[in-house]
There are 4 protein chains.
Amino acid sequence: MINVTIWNENVHEQDTGKIGDIMRGIYPDGIHGYLKNALAADDLFIRTATLDMPEQGLPDDVLNTTDVLLWWGHAAHAKVDDALVDRIQERVRGGMGLIVLHSGHMSKIFRRMMGTSCCLLWREVAEKERVWCIDPSHPIAKGIPSSFVIPHTEMYGERFDIPQDGHIVFMSWYEGGNVFRSGVAFQRDMGKIFYFAPGHETFPIYHEEYVQKIIANAIRWAAPVCEIATRKCLHEVDSTEKVYSENPLANIDTSSLHKAVE
Amino acid sequence: MINVTIWNENVHEQDTGKIGDIMRGIYPDGIHGYLKNALAADDLFIRTATLDMPEQGLPDDVLNTTDVLLWWGHAAHAKVDDALVDRIQERVRGGMGLIVLHSGHMSKIFRRMMGTSCCLLWREVAEKERVWCIDPSHPIAKGIPSSFVIPHTEMYGERFDIPQDGHIVFMSWYEGGNVFRSGVAFQRDMGKIFYFAPGHETFPIYHEEYVQKIIANAIRWAAPVCEIATRKCLHEVDSTEKVYSENPLANIDTSSLHKAVE
Amino acid sequence: MINVTIWNENVHEQDTGKIGDIMRGIYPDGIHGYLKNALAADDLFIRTATLDMPEQGLPDDVLNTTDVLLWWGHAAHAKVDDALVDRIQERVRGGMGLIVLHSGHMSKIFRRMMGTSCCLLWREVAEKERVWCIDPSHPIAKGIPSSFVIPHTEMYGERFDIPQDGHIVFMSWYEGGNVFRSGVAFQRDMGKIFYFAPGHETFPIYHEEYVQKIIANAIRWAAPVCEIATRKCLHEVDSTEKVYSENPLANIDTSSLHKAVE
Amino acid sequence: MINVTIWNENVHEQDTGKIGDIMRGIYPDGIHGYLKNALAADDLFIRTATLDMPEQGLPDDVLNTTDVLLWWGHAAHAKVDDALVDRIQERVRGGMGLIVLHSGHMSKIFRRMMGTSCCLLWREVAEKERVWCIDPSHPIAKGIPSSFVIPHTEMYGERFDIPQDGHIVFMSWYEGGNVFRSGVAFQRDMGKIFYFAPGHETFPIYHEEYVQKIIANAIRWAAPVCEIATRKCLHEVDSTEKVYSENPLANIDTSSLHKAVE
């Protein structure tokens, strides 16, 4: 059983104007609620969490029992506490899977994990997107055809500022002339990370069969394989092999070198 | 002319006990001062900066005129202001080179750029290290033999938690049985980053000819090739190619989607 | 059920002098026979094949029903028919797993798959090797400790001429001062490839528990995930999206451009 | 001075029908002759070579004085001698740069260097191509805008079967709905390789300013940095560090293990 938590900033779902009406029409229970339903499966225990919940939805007892975290955010990235981002990052390093959706490319947690700016080009004119499967042998591509269409999308285009070790699983073509690495898989420490671009607020992109399938595949791929534990520098006091060199400083206590100054 | 700034936390140089005596014996002007001298060359304009200077040594007029930043820190990582780390990270993303030395693997700026924990094994018993050149065709390896010895070193061993796109230029063998990716080159956004492990406080490792040559090579390799500018998401309002799809939301103002909530 | 074929050149096993006596002492049924026994498991159907068999042990009905091929060769690389190497390479591209053992680094099939020379340093003085696990989260590392010892080994050292996209799972330390990327995982087209260095003729290295476990893990990791099919360039005659540009050569038959000349 | 050799199969240039008329209209001196002229510069010594010349244009005295080899082929890949491909591959491994143009993706030498099938999708309907610059900090991208148009092109689309360590410098968008990694940089042993897709026979693509500039940049990037020498396995007879383990086979002559069998 994989413990999945779907986090959503849940901001535009509560918009009191037309934007909110459109979103609630597409996702009556919010993006998080919609995805929870769409991804339901016997091997998944799925919870949802939102920014407006206590501890921004991810208190220790939730985060520390999460195997794979999905992240949807757009307008409220800055509102996510740095301390929460620290905790999420430490857990990803330890082995928790992280799936970053759409505008989450600018979330604190994704930019933290990548180190890069994660910047890109964008345009919102409801153009057509065609998603190409670049590696049919990747677990995230299982059951996905060589290409499929999203009828109306927000364009995300290159240059996309991500590190070069991303395994490109999907690339997108946009009607307006752009290209994008739209599905990219990373490993950081023991944790697996998948970024997937499709998923705008006001087009029903998460209703698409293949979009759902890709996210479902990514959850299984990103599930931890070892027990999740904090990464630490370890002091290997005794060497595994004999050291023959003499220590010129054998009589000096150098332990203070390795202590943080107050 | 490459503008180089050598930053050093300059902590143990000021130690009032034996550690300080040893360090000052090896590096009378501090590690930063020693390296400034050792690296002096006609194509380099070298400044030094230390934690105890105003604005921790890197006010805007210094940082924003730096092409390549060298970073030495160990005991005072936590004392470096997060706001300074933000500024350095933004400049590296824009194209400034960053050379991280020895215990700088746990510095805020290196961990920021990598996203990973940067953890490793360590031991300080003055054992011998042999550094192997893994890619003689890399610019940082120019003039370096297939291997060379550091007589007494602090051991840094695998598993080293860094991303997998590091171009391994050097790997180290340690007498006590460990191995390490000791010289690794990265690119993040427009900026080049080189991590180089050799360089302990109390062994005269920066006196070594090849260690100096590697750092000197790395400076030239990491120098920016484009003008340094902040990375930004760009709104490409008009598409380069004609969009034929109709926008179902053409009459809706969706601009609020793209504004951060207060 | 994974169909595994263990190929061995089976040369020194038949040596009539002391070398042969030693090898037969360690591997009475040959390296292939020993490994077949050691790797036996319910989910594996294991066959062996040797150079001295008809069609060098890999006629179509064997090769084309193999999911994962293990390759051990040393002295007889040149005797393997180029046409057989072509057939193996095509099947790996289609998705068959390939596990290359020890001196197989210079086999025709490994050098074909890598493109590089696969050269390295070597020495045979029975020194100690310590194998470090670099990525405990990789499926091939399952159940392997952070390091383990091989008491007597042939040294394989860097510079190892392999491409840079190898995922390093193991690195080795050698008593005599060398380091080596001793367990490296690649993908080529749809096929997975794992190179594993430990495994000399005259030391009982395949008797080692962890060496066996690593090879067993690698078989499961390398098993094909899609149906194996020959990779081909496909002519997408009709575009998925409408082309509005006029073809200035619409009236010219250019089909001859795409035909190989006789 | 960089010694450049432009190799062209020079087949369709000699076609006696309409195809030949079109090609000779665009490239009166052949693609090789046109590129020689377009790339002329003070730091380059440029020669051309064609398949119909003695030794297929690359006798030892030409190949062994070439620093960077450009390769254009399409219909006559199979006619290139395997022995010539062996010689080219050995020189690339030693450090010679290789720039593979357009349909050269299926050339023997490119497939040799990659190990993969190098297959892709294709279509020839004169559609528009837009080339995006993915890494403006790469030397090959110097002076290239964020995107540029090729008015009429042959489409090359994903899935492109290349290894994952290619540094993507350019990606292409095609009017008909496809995307492609159209400019990708590799290193193999000491040699640098750049594949660049634009360049069909019957559209004047090499007349494009930015296409010429990219190839010109690639030549400088691919030029060897070390002296070119054949890669070999080296027998390090004496270890750099003392081996304390006893050799259980010290009295056995094992040299026959390391000799190829006749």
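Author: Begin with contact, which means heavy atoms within 4.5 Å. In this predicted model, 80 residues of chain C are in contact with 80 residues of chain D.

Reader: What area is buried between chain C and chain D?

Author: About 6300 Å² is buried there, and carbon and sulfur atoms give 57% of that area. On the side of chain C, W122(C), L257(C) and H258(C) supply 11% of what the chain buries against chain D, more than any other three residues.

Reader: How many salt bridges cross the interface of chain C and chain D?

Author: A salt bridge needs a side-chain nitrogen of Lys or Arg within 4 Å of a carboxyl oxygen of Asp or Glu. By that rule, four are found across the interface of chain C and chain D. E236(D) and R123(C) meet in a salt bridge with an N to O distance of 2.7 Å. Over all chains, the search finds 54 salt bridges.

Reader: Which residue forms a salt bridge with E236(B)?

Author: The partner is R123(A), and the closest N and O atoms are 2.6 Å apart. This pair crosses between chains: E236(B) is in the segment after β10 (234–235) of chain B, and R123(A) is in strand β5 (residues 121–133) of chain A.

Reader: Why do E236(B) and R123(A) count as buried?

Author: Buried means under 20% relative accessible area. E236(B) counts as buried because its relative accessibility is 14%, and R123(A) because its value is 1%.

Reader: Where in the chain are R181(C) and E158(C), which are paired in distant parts of it?

Author: R181(C) forms a salt bridge with E158(C), with the closest N and O atoms 2.8 Å apart. R181(C) is in strand β8 (residues 179–188), while E158(C) is in the loop between β6 (147–157) and β7 (167–174), 23 residues apart. R181(C) is buried at 8% relative accessibility, and E158(C) is buried at 2%.

Reader: Which residues are linked in a network of salt bridges?

Author: The network links R159(C), D161(C), D189(D) and R231(D). A separate case to look at is E127(D) with R123(D), whose side chains meet at 2.9 Å, N to O. E127(D) is buried, with a relative accessible area of 0%, and R123(D) is buried at 1%.

Reader: What rotation superposes chain B on chain A?

Author: Two copies of a chain are related by a rotation about an axis and a shift along it. Here a rotation of 180 degrees with 0.0 Å of shift superposes chain B on chain A, with an RMSD of 0.0 Å. That is the relation of a two-fold axis. The same surface serves both copies, as 100% of the contact residues of chain B recur in chain A.

How values were computed:
Residues numbered from 1 in each chain as written. Chains lettered and ligands numbered in written order. Predicted model: local features only at pLDDT ≥ 70, side-chain atom pairs only at ≥ 80, totals over all residues. Heavy atoms only, no water. Helix = DSSP H or I, 4+ residues; strand = E, 2+ residues; numbered from the N terminus. Buried < 20%, exposed > 50% of the residue type's maximum accessible area, 1.4 Å probe, protein only. Least-squares fit on C-alpha atoms with pLDDT ≥ 70 in both. Buried area = accessible area lost by both parts, 1.4 Å probe.
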